[in-house]
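Subject: Handing over the structure, with notes

Dear colleague,

I am passing this structure on to you, and my notes follow below it. Please look through it before you read them.

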Amino acid sequence: MFYTGYNKYTGNKTGQMTEGEIYGYYINNYGSRNGEIIMDYSIRDAKEAGFNKVVFIIRKDIFEEFEEIIGSRIKDQIDVEYVFQELDDLPEGFEVPEGRTKPWGTGQAVLCCKDVVKEPFVIINADDYYGKEAFVKLHDFLVSGEDLGREFTMGMAGFILKNTLSDNGTVTRGVSVVDENGLLSQVHETTGIMMGEDGKIKCDLPDVQEWISPEDKVSMNMWAAYPEFLEFLAEDFKTFLSEVEEGDLKKEYLLPNIVDKLLREGRANVKVLETQDRWFGVTYQEDKEAVQKAFAGLIKEGVYPANLWG
């Protein structure tokens with residue numbers, strides 16, 4: 001069983017706070033005394049849920065520093081492997097368009113694991129805190145071997161939208177439509193999400209705005225899948241690259257869009273496993289204080305020890 005984490009951000013986003021290159025911002029800036037970062041807590045939660053390996057997807061040029069600051073302590077707790085996401089790691093016959101510096105996106109990041117992940121796995125963003133419940137539910141779903149009746153069986157942690165908002169600006173979420181059987185029928189990558197003063201959700205997509213609500217389930221890029229999904233990515237990434245228009249230097253190969261494509265083609269069923277845990281992360285600089293208080297509260301409540309790996 002594999003637990004797969006990756007660095008969502010490999011560059012800065014104007015107006016938003018990233019975790020640097022994941023190693024740059026420590027949770028001791030947010031309340032921990034021992035240098036842990038958000039990812040430490042996710043790895044602990046994954047291990048407790050039953051996962052026994054972590055694959056870090058990083059850039060090759062940060063490997064030594066990443067291993068020294070993070071990997072060296074994690075490898076004493078769980079098996080660790082590294083794979084590298086590089087802009088020029090493309091299938092035969094494709095080249096990086098001149099002037100492109102933006103990474104290819106989360107789909108390519110996960111594809112990088114194809115040669116090392118041979119077991120069911122969970123994908124997360126390394127700089128998001130998901131809570132314990134989602135790891136347990138996704139692990140148990142994968143272990144059950146449940147067959148949902150289509151070419152690809154997958155799972156998604158379904159977070160409640162109101163539990164994933166920032167007080168300091170808008171967020172982007174995969175707003176989901178779930179059918180009566182608990183299966184994902186649509187996922188809409190939606191920007192500009194915020195809670196209005198009237199208690200209603202506001203967003204940038206007019207069609208989604210018509211029905212979006214605080215109780216809707218959203219994807220936080222926490223997916224459960226089997227190795228055959230990686231085989232699909234290997235072929236589908238070629239299709240994506242062939243359809244990138246000349247001069248488009250920003251188009252990304254994103255997991256929510258990939259899953260939505262499989263749903264529309266009738267090739268996948270995705271079980272949505274609801275979690276009541278509150279997500280938090282550092283989208284904006286101003287979020288830091290809230291994250292600090294949240295971790296301090298979890299430690300005080302006994303959810304985590306003060307010395308996470310002690």
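How far apart should the ends of helix α8 be, and what span does the structure show? Helix α8 covers residues 287-300, and at 1.5 Å a residue its 14 residues should span 20 Å, which agrees with the 20 Å between its end C-alpha atoms. The expected span is taken as 1.5 Å times one less than the number of residues in the helix.

Before going further, please note that this is a predicted model, in which local features need pLDDT of at least 70 and side-chain atom pairs count only at pLDDT 80 or more, while totals for chains, interfaces and linings use all residues. Residues are numbered from 1 along each chain as its sequence is written, and side-chain values use heavy atoms, with hydrogens and water left out.

The chain as a whole

The secondary structure of the protein chain comes to eight helices and 12 strands, where helices (H or I, at least four residues) and strands (E, at least two) are DSSP runs numbered from the N terminus. Of its 310 residues, 51% count as buried, a word used here for under 20% relative accessible area, with exposed for over 50% and partly exposed for values in between (1.4 Å probe, protein chains only). Among contacts between residues at least 6 apart in sequence, 74% join residues at least 24 apart, a contact being heavy atoms within 4.5 Å.

To return to helix α8, its buried residues are D287, V291, F295 and L298. Seen down the axis of α8, these residues fall within an arc of 70°, so they line one face of the helix; the arc is that of the directions from the helix axis to the C-beta atoms. An α-helix has 3.6 residues a turn, so residues three or four places apart point the same way. On the other side of α8, K293 and K300 are exposed. The buried residues of α8 pack against α1, β5 (128-129) and β12 (280-281), and just after the helix G302 takes a positive phi of about 85°.

Helix α1 (residues 38-49) has 12 residues that should span 16 Å at 1.5 Å a residue, and the 17 Å between its end C-alpha atoms agrees with this. Nine of the 12 residues of α1 are buried, so the helix is largely enclosed by the rest of the structure; among them are M39, Y41, I43 and A46. I38, also in helix α1, is buried with a relative accessible area of 0%, and its C-alpha atom is separated by 6.1 Å from that of Y129, which is 91 residues away along the chain. Just after α1, G50 takes a positive phi of about 125°.

In helix α4 (residues 132-144), the buried residues are A134, F135, L138, H139, F141 and L142. They fall within an arc of 160° when seen down the axis of α4, so they line one face of the helix. Just after α4, G145 has a positive phi of about 70°.

The axes of helix α6 (residues 227-243) and helix α7 (residues 255-264) come within 12 Å and cross at roughly 100°; axes are lines fitted to C-alpha atoms, for helices over the stretch in contact, and angles run from 0 to 180 degrees between N-to-C directions. That makes α6 roughly perpendicular to α7, given that 65 to 115 degrees counts as roughly perpendicular, under 35 as roughly parallel, over 145 as roughly antiparallel and the rest as oblique. On the α6 side F229, F232, L233, D236 and T239 take part, and they meet L255, I258, K261 and L262 in α7.

Single residues

K217 lies in strand β10 (residues 217-225) and, at 22% relative accessibility, counts as partly exposed. Leaving aside neighbours within four places in sequence, K217 is in contact with residues including F159, V175, V272 and E274. N221 lies in strand β10 as well, where it has a positive phi of about 60° although it is not a glycine, and at 11% relative accessibility N221 counts as buried.

C112 sits in the loop between α3 (106-111) and β4 (121-125), and counts as buried at 16% relative accessibility. Not counting residues up to four places away in sequence, C112 touches V83, F84, Q85 and D89.

With best wishes
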